[in-house]
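Please consult the sequence and the model shown here while reading.

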Amino acid sequence: MNEISIVAGGYDDFMTVRHMVLRGSQEQIGRALAEEARTSADWLPAATDPLINQARSTWFERNWPQHHARLAGVAAAFGIDPGDDRFRLDDIPALPAGSACSAVWCPPAHATDGRGRIARNYDFFTLSAPDLMASLTGAQPMGTGVPMAARPCVITTIPDDGPASTVLTMSDLDGCTEGINESGLTVVLLLGDVAATEPPSGPPVPQAGLNVTQLPRFLLDTCQNVEQAKRALLGAKQYSEGAPCHYLIADASGQSFVWERGAQDSEHIIEAAAGPLCATNHPLHRHPDVTRLPEDTPESFHTYERARTLAKRTAGPLSADGLRQALDAVSMPAVPEEPWRTLWRSVFDPARRTMNVRFHLGDGPHGTARHSPEISFGVGT
């Protein structure tokens, strides 16, 4: 039986957070996601290029059969033949993706209790999609529409034919910004090169392969550990739709790496020699030494300053609370004239298969932020 509940926020807060627990076959889970998108976002599958869509469907069937089966469920929800390539059945619903975030992997040997953890801040604009586009192009935001990040969703899937997982998504129900599966594999997405990101010139054009928010769920569906994730990423076709991202990935055994792509689609696996592995919003393969980072510019969103602060805050043995405090030290201040905030702070314990999240509910007095209590989500039953 599927369940949908509100777990944080409400009508008087900046965000309302839903938790969906979906069970059954992958096709049944896909149908449930589509029906929720139709109800909550008035979503319909969009017409698309049949040739590209056929190539995408073939790639999913060969490389990501779980997603391919869920798309058949989406088709069933709308009475569409799943073989009809005229309609795009994923990107549910379609909203721009991207963020300026900070994340740290604290390995077991560096933790005071011997437990490895990923902690991350998800930083994003508090604007609606039209107002964000206006702001990025120099126009005056009109204050219209629901903020893009006001309806995040935690989705726990318990399929009959694959690993259970719990993911957190800002907007699209078939992708995610972060998550953990029943094997303890954990993936978090961050904007990979904030200074090089530009406003989209038009609607994103899908390709065969994985877009930036599909990649974490692809790994959670198909991999159990870091070594499997490396092989899967090296063999997967990927595209960014204008917002290059990188990913901090860890598993229950204490292994971790950052995955990113560079110029001419070069691929990079970055591992920490010892101690924590930190990522903000610049390419680590171009800036491997935190002591030699450049100074920030107005376009860099304090990515270098945040990296230096995290390196200092995580230099010694870390408790779970110390890890949270390190992320709080680089969170976005609640400044009224700045239209972006740290929208949530998540802490993953891969060995225990848990995801703990504290959500932003709005601005408080004197430049402070209001948060929900930290909520703990497990994986599966």
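In this predicted model, the protein chain contains 8 helices and 18 strands. Its 381 residues would give a radius of gyration near 21 Å if they formed a compact globule, and the value of 20 Å agrees with this. Further values for the whole chain are collected below.

| Property of the protein chain | Value |
|---|---|
| Box filled by the C-alpha atoms, along the principal axes | roughly 55 × 50 × 45 Å |
| Accessible surface | about 16200 Å² |
| Distance between the centres of the positive and negative side chains | 4 Å |

Carbon and sulfur atoms account for 51% of the accessible surface. The charged side chains comprise 31 positive and 45 negative ones. Among contacts with a separation of 6 or more, 63% join residues 24 or more positions apart.

Of the 381 residues, 54% are buried. In soluble globular proteins, nonpolar side chains tend to be buried together. The largest nonpolar core here has 48 residues, and Ile 155, Leu 219, Tyr 247 and Ile 249 touch the most other members. Helix α1 (residues 26–41) gives the most to this core, with 5 residues. Leaving aside residues up to four places away in sequence, Leu 219 touches Asn 181, Leu 185, Val 187, Ala 229, Ala 232, Leu 233 and Ile 249. Another core, of 42 residues, lies apart from it and includes Phe 125, Ala 149, Met 170 and Ile 375.

Helix α8 (residues 320–328) also has buried residues, namely Ala 320, Gly 322, Leu 323, Arg 324, Ala 326 and Leu 327. Their cover includes helix α7 (303–313) and the strands β5 (102–106), β6 (117–125), β15 (340–349) and β16 (354–363).

Definitions and conventions
Residues are numbered from 1 along each chain as its sequence is written. This is a predicted model: local features need pLDDT of at least 70, side-chain atom pairs count only at pLDDT 80 or more; totals for chains, interfaces and linings use all residues. Side-chain values use heavy atoms; hydrogens and water are left out. Helices (H or I, at least four residues) and strands (E, at least two) are DSSP runs, numbered from the N terminus. The radius of gyration is taken over C-alpha atoms; the globule rule is 2.2 Å times the number of residues to the power 0.38. Buried means under 20% relative accessible area, exposed over 50%, partly exposed in between (1.4 Å probe, protein chains only). Contact means heavy atoms within 4.5 Å. Accessible areas come from the Shrake-Rupley method with a 1.4 Å probe; for residues, only the protein chains shown count as cover. Lys and Arg count as positive and Asp and Glu as negative; His and the chain ends are not counted. The place of a charge is taken as NZ of Lys, CZ of Arg, CG of Asp or CD of Glu. A nonpolar core is a set of buried Ala, Val, Leu, Ile, Met, Phe, Trp, Tyr and Cys residues joined through side-chain atoms within 4.5 Å.
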